[in-house]
Amino acid sequence: MWRYMGRKLGIYAITFVIAVTINWMIPRFMPGDPVRSMLNKASVSDPEAMERMTNYYNEVFGLETPIHQQYFAFWAGLFRGDLGISSMQYPEPVTDIILRAVPFTLGLLLPAIILSWIVGNHFGAFAARNKILDNTVLPVGYILTATPYMWLALLLAWSVGVVGGFLPTSSGYSLALIPAFSWEFIASLITHWFLPFLSMFIVALGGWAIGMRNMIIYELEADYSNYLQALGAPRRLIRRYAFRNAMLPQITGLAVQLGTVIAGALLTEIVFNYPGLGSLILRALNNNDYFVLQGTFLFVIIGVLIANFIIDIIYVLVDPRTRVQMTGGSS
Amino acid sequence: MSNVAGAPGSDGTTEPQPAVERRTSETLHFAKRNPKLLIGSGIVLILLLLGLIGPLFVDHGPNVYIGPQSQPPSAEYWLGTTTFGQDIWAQFVYGLRSTFMVGFLGGGIAFVIGTAIGFIAGYKGGIVDEILNMLTNVVLVLPALVVLIVAVAYLDIKGVFVQSLFIGMTSWPWAARAVRSQALSLATRDYVDLARLSGRRTGKIITTEIAPNMSSYLVMSFILLFGGAVLIAAGLDFIGLGPTDGVSLGLMLQNSFTWSALHLGMWWWFIPPGAGITAIVGSMYILNVGLDEIFNPKLREL
Amino acid sequence: MTLRVKDLKVYYQTLRGDVHALDGVDFELADGEIMGLAGESGCGKSTLGKSLIRLDSRMRHVDGTIELDGEDVPIAKDREMNRFRYHEISLIPQYAMSALNPTRKIGRMINELLQSRGVRPSEVTEELNRRLELVGLDPDVLKRFPIELSGGMKQRVVMVMATLLNPSLLIADEATSALDVSTQRSVVESMVEFRDRGYVKSMIFVTHDISLVYQMADTVMVMYAGRVAEKAPASTIINDPQHPYTKMLIGALPEVGATTDEARLEGIPGTPPGLLHPPTGCRFKARCPIASEECSETPPLVEIEPGHWAACWKTGR
């Protein structure tokens, strides 16, 4: 048990080190002068402030100090939670900007992933070995997984928002309101949240349904299913077993699909101008604010690693086979 | 179990040699009546032809401002025009071309990396496997699009090739994993052992003994990587990190969004590119299911 | 008479046409009889085993009747068959190693199966524990997952589970092929013991291993190309076979009592005919050393002496 977890943690630690290293290397080894291009886009008119910024960035990139010191300084900053200062919102720390965006992204991502996973699994299980349903759910599922997240977002924003006028299509809450713990504000949050959520939910749904359908078919062909049928067990029982056993690989699938769904969330946010990490990335790109960009990158990586670890733990808890192997079964 | 179904003895004396031949003809038989394969490959082929031939019938570049501005579809401009008077049909057919290109290149690169790593890891085993497996797991955990955003953001050159290369370099891990587990099971078969005992080189064994036995599997992996590459490229384009010099379906989406086609109600600007991507990738996937059913008799409908 | 099979025909549907896997099979099984069912692979013995409990989706019942304890067994009707399954006819499958749901504790799975078949688990718990002990298993295995058990243990669990409701007929389909010799022997002994104690009334033991059959079976039925070649008491089949195919099969054995495998059986020259378009007349004639003109007519299965049946023109009628 601990060996398994230790191994997983080791891989995640290595991944993290590699990600941080990539993050540190890119601006230093890419062509061009990152400081110059950042400042070019920074909309500061006050020459004094401009000078302060220039000095700051030159110092942070520390181009005078030896390269390994730069690297360790980067790590040290990271552990202090210091990801530098944003150029587009100078002099605000990058960490603050990102922390403000994270709740919006998580608020979209978590419900979309979890609900689409649950609903998709049931759809898929329902469709498997049911000729009529299978012939509809399957193609629809594949078309949904093939849909670019931003396109469905555009379609929904256009049809429901612009043409229908039912729901707002931009921003995280009504800008006429001041964020407060009031019903009005919460209602505004929810109405603004719904379309981006729905759009992500629908796209992600297809993949889970297909995965489940394929796994169930595989399980229904398995020896234990055959044997139960030979002993006259009702379809209900066999399907219940198959569903449960098919769920297990779907949990692993959750980890594998995480990257895609996160990418989808970022793209969806951009369409709805939703104030999460996706919109932040877009803004950072447009302003050449590399600090924000890289800070976001690190945040996403950390989030992915944590999520992976949680999924690992859940898997061990649900699958008796891994559990038994880890506690040293007799076989 | 299946030997019972395999018509006892029928593979033996009466028809000694045509076992292989019959297997291909049986595959063909199922292929010809598999609607998923037929519809999927039909749509892919039509779109591919459109991307290859379509641009030849357009007598102006895709980004030229030639027409009236913001026109809905008409006889002259089949898919209407952009706010700047660009012909959306022209952009669409050129865009198809580059989308297929990214799919083939990006998917192809990922395929080469993934299968190479998978084969070597699965066949060699031991410490090589450990290291490659570790590498695979690390890259697998990193979210491809986010890595690409950071990497591409610093690059000045943003051509289709560079984009494909980057996509290929980040999206191979699951293919490596899948190929590895397949190779692992094949590597223990007798005929591979025999080849190994007779002193053939690893590369030779992989290409002559292992790969042919999982060719259908490899084809299907490539198709999935192709679809993945197209979708990632579209995402990058949409964020504004696409090729600056050309046109692609993702860029069309980006332009339409940036110039508020949404709020101007110019649906003809953003529907075709997204539909194009969905159709290509979706029919690829459905084609893949068809292939799976043909090569994997268990999934055939009875 | 427990089981009476008459002119049973079961075909496999394939693209190239029907494969006549069972083409007119006749036999009877007495109360308490353990019958070994032998033959080369593809002779139809596994199909026969399956047909008696559940046809898979490609199998089609074409003709013939099956009677169990005087009652008609509707093998073609999946739904009506359910009444017989497990209660009257049970199975130890070829794949006993993987026959248990890997993610359920064994005890819980058995309980769920029992409940679904209308049996209250508490009614049989005691019996279940007793029988597990009988085959040398600690009742604690019920609290384990299948992965925690060895192959032989799983095999025995499946055997106990399959016979828990005292079926009239137990089909053991190559049930011991995957086990090592010593485990095989103990499983076989347990099976005989189960019959002696009346846990099962009669048994069909499908195998390609004739010497194993000889250890446990009362009678042996030899099949060839979808038909019965010969059926007789085990000792008669081994010591005094009448059908030329049986003779060759027995002759191919090195010595009785030693285990053999399929490879040895291939000592018989030639291969069985394809069953897509089975030959007319006696199906063995192409390989038979004593075939003559009359063999182009299909030989009927006749009782050449009490309890000894053979389908060959050359056996003294």
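Predicted model: local features only at pLDDT ≥ 70, side-chain atom pairs only at ≥ 80, totals over all residues.
Residues are numbered from 1 along each chain as its sequence is written, while chains are lettered from A and ligands numbered from 1 in the order in which they are written.

Let's start where chains A and B meet. Here 46 residues of chain A are in contact with 41 residues of chain B; two residues are in contact if their C-beta atoms, placed from the backbone, lie within 7 Å. On the side of chain A that touches chain B, at least two residues each come from α1 (2–29), α6 (131–146), α7 (149–163), α10 (235–272), α11 (277–286) and α12 (290–318) of chain A. Helices are DSSP runs of H or I with at least four residues, strands are runs of E with at least two, and both are numbered from the N terminus. By class, this side of chain A has 37 nonpolar, eight polar and one charged residues. Ala, Val, Leu, Ile, Met, Phe, Trp, Tyr, Cys and Pro count as nonpolar, Asp, Glu, Lys and Arg as charged, and the others, Gly among them, as polar.

Now look at how helices pack in chain A. Two packed helices are described by the angle between their axes and the distance between the axes. For α10(A) and α11(A), the angle is about 75° and the axes are 7 Å apart. Axes are lines fitted to C-alpha atoms, for helices over the stretch in contact, and angles run from 0 to 180 degrees between N-to-C directions. That makes α10(A) roughly perpendicular to α11(A), a label for angles of 65 to 115 degrees; under 35 counts as roughly parallel, over 145 as roughly antiparallel and the rest as oblique.

A second pair is α9 (residues 223–230) of chain A with α10(A), whose axes come within 10 Å and cross at roughly 170°. So α9(A) is roughly antiparallel to α10(A). Ser225(A), Leu228(A) and Gln229(A) of α9(A) make this contact with Leu237(A), Ile238(A) and Ala242(A) of α10(A).

Chain C brings strands into the picture, with ten helices and twelve strands. Its radius of gyration, taken over C-alpha atoms, is 20 Å, close to the 20 Å that the globule rule gives for 317 residues, so chain C is as compact as a globular protein of that length. The globule rule is 2.2 Å times the number of residues to the power 0.38.

One open sheet in chain C has four strands in the order β2-β1-β4-β5, with antiparallel pairing. Two strands pair if DSSP finds at least two bridges between them. At the edges are β2 (17–29) and β5 (71–72) of chain C, each pairing on one side only. Strand β4 (residues 59–68) of chain C pairs with β5(C) over two bridges, and Leu68(C) stands opposite Glu71(C) in β5(C).

Another open sheet of chain C has eight strands in the order β6-β7-β8-β3-β9-β10-β12-β11, and its pairing is mixed. Its twist averages 25° from one strand to the next. Within this chain, β3 (residues 34–38) and β8 (residues 202–206) run parallel, joined by four bridges. Leu37(C) has Val206(C) as its bridge partner in β8(C).
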